[in-house]
Number of protein chains: 2
Amino acid sequence: MRPEERLLLSNQLCFPIYRCARRIIRAYAPLLRDLGLTYTQYIVMMVMWERHEIEEKELCSLLDLDSGTLSPLIRKLESRKLLSKHRLDSDGRVLVLETTDEGMALRKQALSVPVGMACAMKLESMDEALDLKRRVDKLSKALSESMG
Amino acid sequence: MRPEERLLLSNQLCFPIYRCARRIIRAYAPLLRDLGLTYTQYIVMMVMWERHEIEEKELCSLLDLDSGTLSPLIRKLESRKLLSKHRLDSDGRVLVLETTDEGMALRKQALSVPVGMACAMKLESMDEALDLKRRVDKLSKALSESMG
DNA sequence: TGTGATTTAATTGTATGCAATTTAATTTGC
DNA sequence: GCAAATTAAATTGCATACAATTAAATCACA
């Protein structure tokens, strides 16, 4: 391919992924509206439902988001009483997040969200989803490694 | 899969795509720094390099971004004199964007960007890229259709 | 043991995204 | 012809993302 052709929007791989990610977030919005969550808040709660207790540092690492993004978001979830915060006695730097009962209760309401998304995505089979996930993860890993 | 399992981060398809998109934008950042462009500004310029002249409405549609995002961004590119704006004589609502000479000159500098990204993505073959693109586009289209 | 380096969060500043609203121009129906 | 509906951008308000900086706590080690 000529260098100029590589600058055509139609020859991009990154743009479709970027567009798909935005469409995913848009598709989640109506499903999450009932829960009063945004997509980013939802994936944080997803971790909180699974782990009940987690250090902010590990949450940042799991979601690949930094404290600049998560600090204010955690404050909002705390003010909604979906989680609580405390510092480790043994190390005052470490912030521990804990899922509240109210936070766990929200999980029941969230059970319908994956169903709604599966419908919106119109995937033909579990294999199709797993294969796409594998390919995306491979690219994601390569990008992550090349960034140091 | 049990409903609860569908709420595990590790069982998500959407999260990896969302994470990949963010890593893509992060990987572009150092390559675009020399050009003084962000990723979103870069894809706008990509269209401007190809089309020279385009209505804002069509640009919104091509990039799947709305005027709330593009209006301020276009203002910035205009203030950098990479493009110019004028309204249609025949219809004062329509904003037409035109690539300036300075905007076209930036294209030369941008020729190395796709090379840098190809390197960061470590793709094994053109086929691998095309296949991923096709699968992502299929999901993207399904989401778009289910949104109306 | 004291101090410089390191680690963890929070904060700051800039740039998106996008829903909802507003503004201005045009088109439609009658 | 003209009021109502429609269309295209711009604006507003809110929620991320993220680089860079700051602040606080701990660690390393001479």
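Student: Which side chain does A:R93 meet in a salt bridge?
Tutor: That of A:D91, with 2.8 Å from N to O. Keep in mind that this is a predicted model.

Student: And is A:R93 buried or exposed?
Tutor: A:R93 is exposed, because its relative accessibility is 68% and the cut-off is over 50%. A:D91 has 22%, so it counts as partly exposed.

Student: How many salt bridges over all chains?
Tutor: The count comes to 26. Another one in chain A pairs A:K85 with A:E78, where the closest N and O atoms are 3.7 Å apart.

Student: What about A:R135, what does it pair with?
Tutor: With B:D131, at 2.7 Å between the closest N and O atoms. A:R135 sits in helix α7 of chain A and B:D131 in helix α7 of chain B, so this pair joins two chains. Salt bridges with shared partners link A:D131, A:R135, B:D131 and B:R135 into one network.

Student: Why does B:D131 count as buried?
Tutor: Because its relative accessibility is 19%, and buried means under 20%. A:R135 is partly exposed at 27%.

Student: Switching to helix packing: at what angle do α1(A) and α2(B) pack?
Tutor: About 120 degrees, with the axes 12 Å apart. That makes α1(A) oblique to α2(B). Their crossing is left-handed.

Student: And how far apart are the axes of α2(B) and α5(B)?
Tutor: 10 Å, at an angle of about 110 degrees, so those two helices are roughly perpendicular.

Student: Last one: which residues make the nonpolar surface patch of about 280 Å²?
Tutor: A:M1, B:M126 and B:L130.

Terms used
Residues numbered from 1 in each chain as written. Chains lettered and ligands numbered in written order. Predicted model: local features only at pLDDT ≥ 70, side-chain atom pairs only at ≥ 80, totals over all residues. Heavy atoms only, no water. Patch = residues over 30% accessible without salt bridge, like charges linked within 9 Å, V, L, I, M, F, W, Y side chains within 5 Å. Areas by Shrake-Rupley, 256 points an atom, 1.4 Å probe, with all protein chains shown as cover. Salt bridge = Lys/Arg side-chain N within 4 Å of Asp/Glu carboxyl O. Axes fitted to C-alpha atoms, helices over the stretch in contact; angles between N-to-C directions. Helix = DSSP H or I, 4+ residues; strand = E, 2+ residues; numbered from the N terminus. Parallel < 35°, antiparallel > 145°, perpendicular 65-115°, else oblique. Left-handed = near helix turned anticlockwise from the far one by under 90°. Buried < 20%, exposed > 50% of the residue type's maximum accessible area, 1.4 Å probe, protein only.
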